[in-house]
Amino acid sequence: MDDQKITQLYFARDEAAIRETEAKYGRLCYRIAHNVLGDAGDAEECLQDTLMGAWNAIPPARPQSLGAFLSRIARNLA
């Protein structure tokens, strides 16, 4: 699914947005968190917090690049 459709799911408050986000960007966010934290358990928790952060931020935010938006959330949380 492309980023625009995923963002539309967030705006519709459809929980499928979280599943689609994790399927597309979960590995990226996990890798960012693991590189910063160095622990698999903490990185997994950070991934879940990143998904929740995206749910809380979209809307009102409408990111130009969903990958960059999620990466920034993961990096800030880690």
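Is T50 buried or exposed? In this predicted model, T50 has a relative accessible area of 0%; the cut-off for a buried residue is under 20%, so T50 is buried.

**Surroundings of T50**
- T50 is part of helix 3.
- Leaving aside residues up to four places away in sequence, T50 touches C29, L70, I73, A74 and L77.

**Nonpolar core**
- The largest nonpolar core comprises 17 residues, and those with the most contacts inside it are Y10, C29, A54, L66 and L70.
- Two or more residues of this core are given by each of helix 1, helix 2 (16-37), helix 3 and helix 4 (66-77).
- Helix 2 supplies the largest share of this core, five residues.
- In soluble globular proteins, nonpolar side chains tend to be buried together.

**Aromatic pair**
- The count of aromatic pairs comes to one.
- The ring centres of Y10 and W55 are 6.1 Å apart and their planes stand at 55°, so the pair is tilted.
- Because Y10 lies in helix 1 (residues 3-11) and W55 in helix 3 (residues 40-57), the pair ties together parts that are 45 residues apart in sequence.
- Y10 and W55 are both buried.

**Charges over rings**
- R13 places its charged end over the ring of W55, 3.9 Å from the ring centre.
- The charged end of R62 sits over the ring of F11, at 4.0 Å from its centre.

Note on methods:
Residues are numbered from 1 along each chain as its sequence is written. This is a predicted model: local features need pLDDT of at least 70, side-chain atom pairs count only at pLDDT 80 or more; totals for chains, interfaces and linings use all residues. Side-chain values use heavy atoms; hydrogens and water are left out. Rings of Phe, Tyr and Trp (its six-membered ring) pair if their centres lie within 6.5 Å; planes under 30 degrees apart count as stacked, over 60 as edge-to-face and the rest as tilted. Helices (H or I, at least four residues) and strands (E, at least two) are DSSP runs, numbered from the N terminus. Buried means under 20% relative accessible area, exposed over 50%, partly exposed in between (1.4 Å probe, protein chains only). A charge sits over a ring if NZ of Lys or CZ of Arg is within 6 Å of the ring centre and within 35 degrees of the ring normal. Contact means heavy atoms within 4.5 Å. A nonpolar core is a set of buried Ala, Val, Leu, Ile, Met, Phe, Trp, Tyr and Cys residues joined through side-chain atoms within 4.5 Å.
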